[in-house]
Amino acid sequence: MINPRHIRYFIRQAINSVVRSPLVQLVAISTTTVSLTVMCVTLVLASNLDNLADRWSRGLGIICFIADDVPNKRLSDLADDISDWAEVETTTVYTKERAFEDLNSVLGDDRRLLVGLEKNVLPASLEIVLAQSFRTPTARQSLALRLKQLSDIEIVEKVDFGSDMMSKMNRLREYLKLGGLAIALLVLSAVVFIITNTVRLTLYARKDEIEVMRLVGANGRFIRIPFYLEGAFQGAVGASVALLITRLGLSALPMAEFVSDIQSQPPKLQFIDSGTVFLVVVGAALIGILASHLATSRFLREND
């Protein structure tokens with residue numbers, strides 16, 4: 001049974017092992033740091049791209065294309081009615097003339113392409129921005145269905161609620177998750193390999209000491225625990241340094257305005273949240289323990 005005296009012994013042995021082989025520890029921690037930095041950068045990139053995709057999908061408005069025979073007065077009244085719906089934040093009317101003027105402005109030097117066209121060639125439409133609490137795919141689809149079912153007259157010909165764009169965003173998120181998982185597995189495999197070999201070097205350096213411990217009755221668990229602590233130390237320190245490097249690198253980048261959402265608020269690069277930071281450090285420590293277990297188990301089997 002492990003008592004407080006044993007715990008002090010395990011900690012002291014782990015510290016002594018680290019102190020006695022600083023070069024080996026430095027190599028292990030530095031290579032672990034490089035591997036985990038790749039994973040941390042991937043996490044930051046995936047997190048920011050996911051946030052960007054979320055902002056885009058939430059900022060998409062719903063466009064209602066109006067039938068040709070609907071007068072502007074009726075279109076304005078319809079916009080006022082829809083504005084009163086709980087799901088709606090704002091409603092903007094685009095008459096045929098306004099739609100033509102906007103297209104003419106957007107085309108710039110290519111506006112000559114519109115020469116000869118009538119100003120009512122484009123359909124009238126309503127642009128609907130959802131209220132903040134309703135900017136979800138489910139609420140967007142529900143509102144689109146409600147618009148299609150307006151029954152007074154066949155006013156709405158088509159409703160575009162950004163389903164194609166939302167599908168692309170969802171696919172992007174899936175690709176990010178798969179790519180992140182693949183990189184994480186590769187990095188974790190590298191970390192296990194690095195720490196396993198580092199602990200094996202320590203085991204062989206202390207081979208005689210371990211033999212004496214076994215002769216006086218120390219069991220495998222008693223021998224392993226200091227090496228577990230050493231592996232956890234290497235993993236946790238490597239992860240902490242990797243996170244620090246990633247954080248400093250992120251802060252050194254210019255906070256560019258990649259794209260503006262519907263409120264014209266440019267997203268900025270964000271570091272991963274504190275919960276993910278904790279999981280990375282703890283996960284790296286557990287991986288270190290696993291690697292140490294593999295190394296010590298093999299060593300003890302070979303020296304039975």
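Predicted model: local features only at pLDDT ≥ 70, side-chain atom pairs only at ≥ 80, totals over all residues.
Trainee: Which pattern does the protein follow when read along the sequence?

Mentor: The secondary structure comes to 9 helices and 4 strands. Taken in order along the sequence, these elements give the pattern α-α-β-α-β-α-β-α-β-α-α-α-α.

Trainee: Where do the buried residues of H1 fall when the helix is seen down its axis?

Mentor: Helix H1 covers residues 4-20 and reaches 24 Å from its first C-alpha to its last, which is close to the 24 Å expected at 1.5 Å a residue. A residue counts as buried when its relative accessible area is under 20%, and in H1 the buried ones are His 6, Tyr 9, Phe 10, Gln 13, Ala 14, Ser 17 and Val 18. Seen down the axis, these buried residues lie within an arc of 165 degrees, so they line one face of the helix.

Trainee: Which residues are exposed on the other side of H1?

Mentor: Here the word exposed asks for a relative accessible area over 50%. On that other side of H1, the exposed residues are Pro 4, Arg 5, Arg 8 and Val 19.

Trainee: How far apart are the axes of helix H8 and helix H9?

Mentor: Two packed helices are described by the angle between their axes and the distance between the axes. H8 passes H9 in a right-handed crossing, and among the residues of H8 that meet H9 are Gly 231, Ala 232 and Gly 235. Helix H8 (residues 220-252) and helix H9 (residues 274-302) pack at an angle of about 145 degrees, and the distance between their axes is 7 Å.

Key
Residues numbered from 1 in each chain as written. Heavy atoms only, no water. Helix = DSSP H or I, 4+ residues; strand = E, 2+ residues; numbered from the N terminus. Expected span 1.5 Å × (residues − 1). Buried < 20%, exposed > 50% of the residue type's maximum accessible area, 1.4 Å probe, protein only. Arc of directions from axis to C-beta. Axes fitted to C-alpha atoms, helices over the stretch in contact; angles between N-to-C directions. Left-handed = near helix turned anticlockwise from the far one by under 90°. Contact = heavy atoms within 4.5 Å.
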